[in-house]
Amino acid sequence: MASVPVRPRRSNFLASWGVNIAIALTALHTNLMRSILTMLGVLIGVFAVTLAVAVGNGAQESVMQSINSFGSNMAIIVPEPDNEGGRRSFDRGRLTSRDLRAIEREVPGIIATAPQLRSTLDLVTAGASTSTSAVGTTPGYGQITNHPADRGRYISEADVRSAARVLVLGRTTAETLFGEFDPVGETVRVDGVPFQVIGLLEEKGSTFGTDNDDTVVMPISTIRQRFVGDTLPGPDDLQLAFAGFEEGASLVQGKIDITNVLKDRYRVRDGEINPFRVRTTQEFMEESQFITGILQAVLVAIASISLLVGGIGIMNIMLVSVTERTREIGLRMALGAKGSDIRNQFLVEAAVLCVLGGAVGLTLAWLAGAALTAYADFPVPIGIGVALGSLAFSAFLGLVFGSYPAIRASRLSPIEALRTE
Amino acid sequence: MEQHSGKPLIETRDLVKSYNLGGEIIHAVNGVSLLIEHGEYVAIMGTSGSGKSTFMNMIGCLDVPTSGQVLIDGTPTADMSSDELAVLRNEKIGFVFQQFNLLARTSSIDNVAVPLIYAGLDKPERRTRATEKLIDMGLGDRLLNTPAKLSGGQQQRVAIARALVTEPLMLLADEPTGALDTRTSEEIMAIFESLNASGITVIVVTHEDEIAEHAKRRIEFRDGKVIEDRPVGNRTVAVGASLAEDV
């Protein structure tokens with residue numbers, strides 16, 4: 001008989017975890033169906049939470065993108081008429097081209113301003129017709145809103161002065177009216193009036209389901225004279241105006257400056273409500289970040305419930321497992337297992353269960369994210385941080401929900417456990 | 001086998017184990033003082049409920065006495081923590097059970113290696129030692145079989161290999177042949193005999209006289225007390241450790 005004494009050598013922390021993982025895999029394999037069903041709970045939870053985080057990040061990203069696509073350093077000025085008595089009072093709450101010129105003159109850091117009058121108009125060619133949103137503006141609009149013409153030309157100062165009947169078509173509108181055919185130089189009847197197409201706008205894609213390419217641009221003087229003049233309180237009034245700032249200029253200061261200029265011009269006294277509103281792209285970003293943040297928090301909170309349920313499933317099945325294997329626990333103790341050895345064995349089993357479920361859930365979330373990105377045109381980024389985070393969280397979940405059953409197992413008395421049938 | 005200390009391998013002093021069953025105190029073991037020396041081969045006899053198994057569980061450090069002392073190799077166990085007891089079982093005691101208690105769906109070699117996990121050996125070392133012990137038990141061709149693929153006698157031999165793999169001082173066997181037929185029982189008892197001949201202390205709990213005949217010393221329990229402690233048959237008992245002399 002070989003008679004080398006077997007001691008003293010309690011050591012090798014890593015090796016004992018390896019053994020525990022092997023024991024865990026054997027145990028999970030033994031009750032394969034049960035293990036898979038238990039894993040399913042964690043899988044769904046991790047899938048839901050991961051996807052919720054990713055969708056939230058994606059929403060944030062896509063809002064940022066679309067705000068940036070409209071010019072990232074810009075203020076929007078909107079007149080705010082009183083709505084007292086159910087009737088719009090235009091005595092207060094007007095915005096005119098003269099106001100814009102004053103702003104350009106007096107506010108530092110401004111590159112350009114652009115007015116806007118908008119109306120939905122019918123466009124007809126020989127073979128096609130459509131109805132679209134027409135923007136009447138000045139040449140600076142293309143630059144400020146980051147949407148210039150890339151074929152033909154944009155509207156010019158001369159067009160504005162002469163109220164020329166010229167149109168710059170968005171890509172979708174052009175395609176609807178002319179198909180593949182080059183429309184520059186062609187004629188389109190707008191509400192019955194013939195217009196010449198002078199250019200095509202750069203392709204811009206859609207934002208939240210709105211097609212930014214389904215639009216036309218014409219001189220502000222033209223749209224005012226022919227289509228919207230009688231809806232406005234005066235010959236110089238605007239519906240909306242944009243002010244583009246130099247890169248690096250402070251939008252907070254810009255907003256204060258614009259507000260002060262307009263307050264002056266409309267003689268708004270301190271304490272009175274302004275008859276206009278100035279908003280900046282920075283504010284839009286902050287607001288939408290706040291909103292998408294709330295959206296994400298709500299999604300994650302709801303998804304977390306399923307993760308919690310999954311975790312309770314783990315605890316439940318680990319309790320069953322400990323009860324079923326009480327005799328094995330007793331045997332292991334008789335053969336020299338300490339309470340901590342038994343505890344670790346069951347902790348590892350719970351963690352392995354969770355990490356396996358979490359890995360599959362993560363993979364499915366990644367696939368779902370990729371599918372959403374590809375088919376719904378909505379970015380769902382699952383970065384390495386989210387991936388590692390959800391795996392680490394799965395393991396943590398296993399340790400938390402596995403600890404009660406594991407500690408219970410470790411406190412069994414060897415002889416009581418061995419006697420169990 | 002390690003060098004022993006010269007002290008008795010097992011000493012019990014006025015050992016008592018009582019249970020409270022519905023308000024009635026039952027003394028399963030009621031004041032037992034015994035000495036078992038290194039190298040003995042002891043049969044612990046008695047009917048069911050005589051206290052023999054409870055006694056064995058206490059000297060095996062699986063169960064805690066209500067009062068009295070168990071000294072293993074001269075060391076009192078009363079004040080040991082459960083972790084210290086686990087180490088002591090791992091290093092000094094090998095258990096053999098009636099129902100073999102092998103892990104299902106686990107190969108012979110992995111079953112035998114279990115105590116070495118808790119001894120902290122690495123995997124190659126565990127495998128080497130487990131293989132050696134299985135070959136000693138004549139199971140060299142059954143290393144990778146799971147218990148379901150082994151006969152009862154083979155399973156019990158795997159269990160004996162497991163009990164011996166940490167080179168313990170003693171083998172504690174609780175009705176080791178209870179689940180085996182007569183011929184296989186003889187095989188197992190022959191193994192115990194040769195193990196004892198090689199120097200290991202063997203303690204067998206049994207209610208069968210034929211099994212007890214293989215031992216060198218016979219201790220009989222009744223109602224929680226030792227009623228007889230004598231050498232078996234015409235064999236010579238190495239150490240005359242009887243109750244009368246110890247007290």
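**Strand pairing in chain B**

The model discussed here is predicted. In chain B, strand S9 (residues 217-222) pairs with strand S10 (residues 225-231) in the antiparallel sense, over six bridges. Within this pair, B:Ile219 stands opposite B:Asp229 in S10(B). S9(B) and S10(B) form a hairpin that leaves two residues between them. In the turn, B:Asp223 has a positive phi of about 50 degrees.

The S9(B) and S10(B) pair belongs to an open sheet of six strands in chain B, ordered S6-S7-S8-S3-S9-S10, in which the pairing is mixed. Strand S6 (93-96) and S10 of chain B stand at the edges; each has a single partner strand, so one side of each is left without a neighbour in the sheet. Direction ignored, neighbouring strands of this sheet are turned by 15 degrees against each other on average. A parallel pairing in this sheet is that of strand S3 (residues 41-45) with strand S8 (residues 201-205) of chain B, which runs over four bridges. There, B:Ile44 has B:Val205 in S8(B) as its bridge partner. Helix H5(B) packs on the sheet, where it touches S6 and strand S7 (170-174) of chain B. The direction of H5(B) makes about 165 degrees with that of S6(B).

A further open sheet in chain B is formed by four strands in the order S2-S1-S4-S5, and its pairing is antiparallel. Its edges are strand S2 (24-36) and strand S5 (75-76) of chain B; because each has a single partner strand, one side of each is left without a neighbour in the sheet. Strand S1 (residues 10-21) of chain B runs antiparallel to strand S4 (residues 67-72) of chain B, and five bridges join the two. B:Thr12 has B:Val70 as its bridge partner in S4(B).

**Strand pairing in chain A**

In chain A, strand S2 (residues 110-124) takes part in several pairings. Which strands does S2(A) pair with in the antiparallel sense? One is strand S11 (residues 240-245) of chain A, over six bridges; another is strand S3 (residues 129-137) of chain A, over eight bridges; and a further one is strand S6 (residues 187-190) of chain A, over two bridges. A:Val124 stands opposite A:Ser129 in S3(A), and its bridge partner in S6(A) is A:Arg189. The hairpin that joins S2(A) to S3(A) passes through four residues.

**Helix packing**

Two packed helices are described by the angle between their axes and the distance between the axes.

| Helix pair | Axes come within | Crossing angle |
|---|---|---|
| H4(B) (residues 123-136) and H5(B) (residues 152-164) | 9 Å | roughly 130 degrees |
| H2(A) (residues 32-69) and H9(A) (residues 281-324) | 8 Å | roughly 180 degrees |
| H3(A) (residues 97-106) and H8(A) (residues 251-266) | 10 Å | roughly 130 degrees |

At roughly 130 degrees, H4(B) and H5(B) are therefore oblique to each other. The crossing in which H4(B) passes H5(B) is right-handed. From H4(B), B:Lys133, B:Leu134 and B:Asp136 meet B:Val158, B:Ala161 and B:Leu164 of H5(B). The residues of this contact comprise four nonpolar, no polar and two charged.

How are H2(A) and H9(A) oriented towards each other? Angles over 145 degrees count as roughly antiparallel; the crossing of H2(A) with H9(A) is roughly 180 degrees, and the two helices are therefore roughly antiparallel to each other. Their contact includes 22 nonpolar residues, 14 polar residues and one charged residue.

H3(A) and H8(A) cross at roughly 130 degrees and are therefore oblique to each other. Their crossing is right-handed. A:Asp99, A:Ala102, A:Ile103 and A:Glu106 in H3(A) meet A:Ile258, A:Val261, A:Leu262 and A:Arg265 in H8(A). The residues in contact divide into five nonpolar, no polar and three charged.

**Domains of chain A**

Chain A is divided into domain 1, which covers 13-65 + 288-419, and domain 2, which covers 81-274. Taken over C-alpha atoms, the centres of domain 1 and domain 2 of chain A are separated by 55 Å.

Key:
Residues are numbered from 1 along each chain as its sequence is written. Chains are lettered from A and ligands numbered from 1 in the order in which they are written. This is a predicted model: local features need pLDDT of at least 70, side-chain atom pairs count only at pLDDT 80 or more; totals for chains, interfaces and linings use all residues. Axes are lines fitted to C-alpha atoms, for helices over the stretch in contact, and angles run from 0 to 180 degrees between N-to-C directions. Angles under 35 degrees count as roughly parallel, over 145 as roughly antiparallel, 65 to 115 as roughly perpendicular and the rest as oblique. A crossing is left-handed if the near helix is turned anticlockwise from the far one by less than a right angle, and right-handed if clockwise. Two residues are in contact if their C-beta atoms, placed from the backbone, lie within 7 Å. Ala, Val, Leu, Ile, Met, Phe, Trp, Tyr, Cys and Pro count as nonpolar, Asp, Glu, Lys and Arg as charged, and the others, Gly among them, as polar. Two strands pair if DSSP finds at least two bridges between them. Domain bounds come from an automatic or database domain assignment.
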